[in-house]
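Student: I have a structure open and would like to learn how to read its features. Can we go through them one at a time?

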Protein chains: 2
Amino acid sequence: MHNFESVSLDKAYRLFNLGATTLVSAAHEGQSDVMPAAWACPLDLSPCKATVVVDKSHYTRQLIEKSGFFALLLPGAGIVRETLALGSMSRNDVDDKLTRSGAEFSNIEGYPMPFVQGSVACAVFRVLSEPHNESAYDLFIGECVAAWADPRVFTNGHWHFESAPEALRTLHYVAGGTFYAIGEKIEVA
Amino acid sequence: MHNFESVSLDKAYRLFNLGATTLVSAAHEGQSDVMPAAWACPLDLSPCKATVVVDKSHYTRQLIEKSGFFALLLPGAGIVRETLALGSMSRNDVDDKLTRSGAEFSNIEGYPMPFVQGSVACAVFRVLSEPHNESAYDLFIGECVAAWADPRVFTNGHWHFESAPEALRTLHYVAGGTFYAIGEKIEVA
């Protein structure tokens with residue numbers, strides 16, 4: 001998260017408004033995992049809340065449940081291959097999944113879950129316990145406690161991809177190995 | 001929905017995987033409303049479920065609650081102005097909001113809620129009643145009962161914006177009058 005800038009909690013929802021595919025990062029007692037999730041979405045403005053769907057089969061899920069926290073990262077187009085790799089293996093089967101993914105990891109300031117280099121934003125959420133949603137729908141609700149973004153693409157609550165390298169555009173997953181990058185800005189006066 | 005093609009219910013989630021901004025359409029006893037919602041997200045694959053956040057202040061909400069159904073449309077970039085207009089007025093204050101928005105409406109085949117011309121996809125959802133989510137989070141869960149897409153941009157479960165007019169690209173809202181259109185396809189082998 002070198003050179004990232006803090007995002008105020010009342011603007012953090014704008015990181016997720018675009019609907020980009022996320023990486024869900026979690027850690028507990030020295031174990032960590034990161035998995036891609038296209039199904040993440042803002043839920044409230046201030047304080048920012050978000051939902052994310054994490055299936056019971058994912059190793060990440062127990063880390064979320066045990067720690068009570070998760071981070072949502074926004075991978076840039078430059079790490080599309082690593083993003084896919086993080087969803088193609090499970091830590092249930094492959095203990096060194098994170099290493100094998102080819103992604104590079106660093107620390108999220110003040111939190112135990114890993115940051116993935118090449119992501120353009122990061123927000124940490126405290127789980128708001130909703131056992132029925134978690135059990136019936138694999139749906140987790142979190143309240144944002146901290147957020148950061150790469151100032152090359154997001155400053156003062158606004159995205160500006162057009163002035164940054166293509167590798168920093170958000171990814172929007174379809175299926176298989178197919179994504180779209182975010183495109184042109186449209187301003188309605 | 002002229003020339004739209006049906007989308008199978010096990011592929012309908014792919015309409016929403018991109019995280020595009022939606023239009024929420026609902027009708028009850030001859031009253032109808034359409035509002036933009038960036039906070040819509042897939043929840044399950046098959047049958048396709050989705051979540052959408054609809055605040056208590058919106059006229060659309062009572063139509064969803066009374067009818068038990070809502071549709072999620074994906075407005076194309078060609079109707080960005082109309083999409084914004086549908087979120088700038090409330091039918092609580094402006095009875096002819098739909099007319100004033102400048103959007104053109106037609107029927108969704110077999111359902112009462114309006115379709116907005118210039119949208120590139122449409123899915124109808126039956127509300128799965130979850131009173132706590134609706135009350136505490138303004139979060140509605142729906143199960144898809146029918147879906148369609150414009151074959152110029154979506155066929156056989158896949159998007160192909162690159163072969164279609166720019167006006168058919170999905171919209172991804174930031175704030176104010178600012179959107180991004182979906183951009184370049186990225187295929188990872």
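Student: Is B:D10 buried, partly exposed or exposed?

Tutor: This is a predicted model, and the values here are computed from it. B:D10 has a relative accessible area of 37%, so it counts as partly exposed. B:K11 is partly exposed as well, with 26%.

Student: Which residue does the side chain of B:D10 meet in a salt bridge?

Tutor: The general idea is that side chains of opposite charge can pair when their charged atoms come close. Here the side chain of B:D10 meets that of B:K11, at 3.9 Å from N to O. The cut-off for a salt bridge is 4 Å, so this pair is counted.

Student: Where in chain B do B:K185 and B:E162 lie?

Tutor: B:K185 and B:E162 form a salt bridge, with their closest N and O atoms 3.1 Å apart. B:K185 is in strand β14, and B:E162 is in the loop between β12 and β13, so the pair ties together parts 23 residues apart in sequence. B:K185 is partly exposed at 29%, and B:E162 is partly exposed at 42%.

Student: Are A:K97 and A:D33 buried or exposed?

Tutor: Both A:K97 and A:D33 are buried. Their side chains meet in a salt bridge of 3.1 Å, N to O. This pair links distant parts of the chain: A:K97 is in helix α4 and A:D33 in strand β3, 64 residues apart.

Student: What rotation superposes chain A on chain B?

Tutor: In general, two copies of a chain are related by a rotation about an axis and a shift along it. In this model the rotation is 180 degrees and the shift along the axis is 0.0 Å, with an RMSD of 0.0 Å. That is the relation of a two-fold axis. The same surface serves both copies, as 100% of the contact residues of chain A recur in chain B.

Student: How many residues of chain A are in contact with chain B?

Tutor: 49 residues of chain A are in contact with 49 residues of chain B. The two chains bury about 4200 Å² between them, and 62% of that is on carbon and sulfur atoms.

Student: How many disulfides does a search of the whole structure find?

Tutor: The search finds zero disulfides over all chains. For A:C41, the nearest cysteine sulfur is that of B:C41, 4.8 Å away. A:C41 is buried, at 3% relative accessibility.

Student: Which strands are joined by bridges to β5(A)?

Tutor: Strand β4 of chain A is joined to β5(A) by four bridges, and the two run antiparallel. They form a hairpin with four residues between them. Within this pairing, A:P42 has A:A50 as its bridge partner. Five bridges join β5(A) to strand β10, again antiparallel, and there A:V53 stands opposite A:L139.

Student: How many residues of β5(A) are buried?

Tutor: Five of its five residues are buried. Both faces are covered, with A:K49, A:T51 and A:V53 on one side and A:A50 and A:V52 on the other.

Conventions
Residues numbered from 1 in each chain as written. Chains lettered and ligands numbered in written order. Predicted model: local features only at pLDDT ≥ 70, side-chain atom pairs only at ≥ 80, totals over all residues. Heavy atoms only, no water. Buried < 20%, exposed > 50% of the residue type's maximum accessible area, 1.4 Å probe, protein only. Pairing = 2+ DSSP bridges. Disulfide = S-S within 2.5 Å. Least-squares fit on C-alpha atoms with pLDDT ≥ 70 in both. Contact = heavy atoms within 4.5 Å. Buried area = accessible area lost by both parts, 1.4 Å probe.
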